[in-house]
Protein chains: 2
Amino acid sequence: VKTDHIPKATIQRMAIYVQILENLLNSGQKVISSDKLAVECEVNPSQIRKDLAYFGEFGVRGVGYYVKDLLERVQHFLGIDRTWNCALVGVGNLGRALLRHRQLRARGFVIVGAFDCDPFKIGEVVAGHEIICTRRLKERAKGLQVEIGLITTPTDRAQRAANHLIEAGIKGIVNFAPKRIHVPSDVWLDYVDFSNHLIGLAFNLTRRQTTKA
Amino acid sequence: VKTDHIPKATIQRMAIYVQILENLLNSGQKVISSDKLAVECEVNPSQIRKDLAYFGEFGVRGVGYYVKDLLERVQHFLGIDRTWNCALVGVGNLGRALLRHRQLRARGFVIVGAFDCDPFKIGEVVAGHEIICTRRLKERAKGLQVEIGLITTPTDRAQRAANHLIEAGIKGIVNFAPKRIHVPSDVWLDYVDFSNHLIGLAFNLTRRQTTKA
């Protein structure tokens, strides 16, 4: 498998293929043609064939792809044929929602530690997790084998949360706080910002109304 | 302002410019050069100049951009110089987190109605919202002047939630449930899927470990 310079958009499509293939597998479908898979994934057929070419030639001529086989290849390619231990920093509303989020766990992203700096929250148990003081993140991260950090703090504490994660040697961070943060070049950072999706929607709705008028 | 065929990536960068410009404005900065703005936004200077060219030539030579003026132009371009009324369907953990999310409201996305089909939840008050039966969405949407729907149901109820929103005449939907849904071509649909961001992270962390080994 060649993994050099793979565009982010390709990875995002692969993540969608996983979702669709899981649904197909769960509904008992064993084989699917690339055209039908393209329809299910809302991607054009030439695009899906190009994406799947990353795994070499393995579709069966006249049949398509074996769902289970393809799913396993995509999962392996993406690095999600294993579990990833996550530490969550910031046990507010969103943090609590993530701690109770079944889908993340089902995909192998297991939150193994919940951290917060609020003394009134420390010791509280949320979804089976006893909230730990963020200052203890560094000493606890290794024992918990944390590889990914999730930041769900208020915006003004996001950088401090990132610093704690970085000091603990964590190399992958997803920041849910709507605030740009700075990390060293060896730390992979991604943002989940709801507002940005809503802004995209607002833009398109506005444009449509303007076009109509 | 030309608004034809603007790539999604451009809109997402524009959303980041808004975030950064707001921070600059709040910190009292009045003027910024495009180079400095590029650094703040973690975008290369030629890219940012290209993006801002959508608004015509209005930077001041040798000075840069007036922060407030630029912010207002970007907000107007994106259609976020106004409020957008949203209906939320699915008052679980994530729904509750969104109902209490200050940032969404600060950006003009105001949740005006919270809907759920669970009879034990109907009538409960969450963050000032009395939960309404989802079957009443259509009759309530017009009075509430809802333009955007947010789906935060379990995956198996996402399509039904979408159907209720569509029947209510809502033309913009953000689906937070990790499930592909189908909408008519005149409805703008976007997904917020945390797993996809984590999958992207897992991919990059795996690739890095493989490269090192």
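The paragraphs below go from the pair of chains to a cavity and then to the helices. This is a predicted model, where local features need pLDDT of at least 70, side-chain atom pairs count only at pLDDT 80 or more, and totals for chains, interfaces and linings use all residues. Residues are numbered from 1 along each chain as its sequence is written, chains are lettered from A and ligands numbered from 1 in written order, and side-chain values use heavy atoms, with hydrogens and water left out.

How are the chains related? The same surface serves both copies, since 100% of the contact residues of chain A recur in chain B; contact means heavy atoms within 4.5 Å.

Next, look inside. The largest cavity has a volume of about 30 Å³; on a 1 Å grid over the protein atoms alone, a cavity is a set of points where a 1.4 Å probe fits but cannot get out, and lining residues have an atom within 4 Å of a point. Its lining includes Phe176(A), Pro178(A) and Phe194(A), along with His101(B) and Gln103(B) from the other chain. By class, the lining has four nonpolar, three polar and one charged residue.

Now to the helices, which are DSSP runs (H or I, at least four residues) numbered from the N terminus. In chain B, the axes of α1 (residues 8-26) and α2 (residues 34-41) come within 10 Å and cross at roughly 110°; axes are lines fitted to C-alpha atoms over the stretch in contact, with angles from 0 to 180 degrees between N-to-C directions. Among the residues in touch are Ile16(B), Tyr17(B) and Ile20(B) of α1(B), and Leu37(B) and Glu40(B) of α2(B). This contact has seven nonpolar residues, no polar ones and one charged.

Helix α2(B) also meets α3(B) (residues 45-52), with axes that come within 8 Å and cross at roughly 105°. These helices are therefore roughly perpendicular too. Leu37(B) of α2(B) takes part in this contact.

Terms used:
1 Å grid on protein atoms, 1.4 Å probe; cavity = no way out; pocket = protein on both sides within 12 Å on 5 of 7 lines; lining within 4 Å. Points joined across faces, edges and corners; volume = space filled by probe spheres on them. Nonpolar A, V, L, I, M, F, W, Y, C, P; charged D, E, K, R; others polar. Helix = DSSP H or I, 4+ residues; strand = E, 2+ residues; numbered from the N terminus. Parallel < 35°, antiparallel > 145°, perpendicular 65-115°, else oblique.
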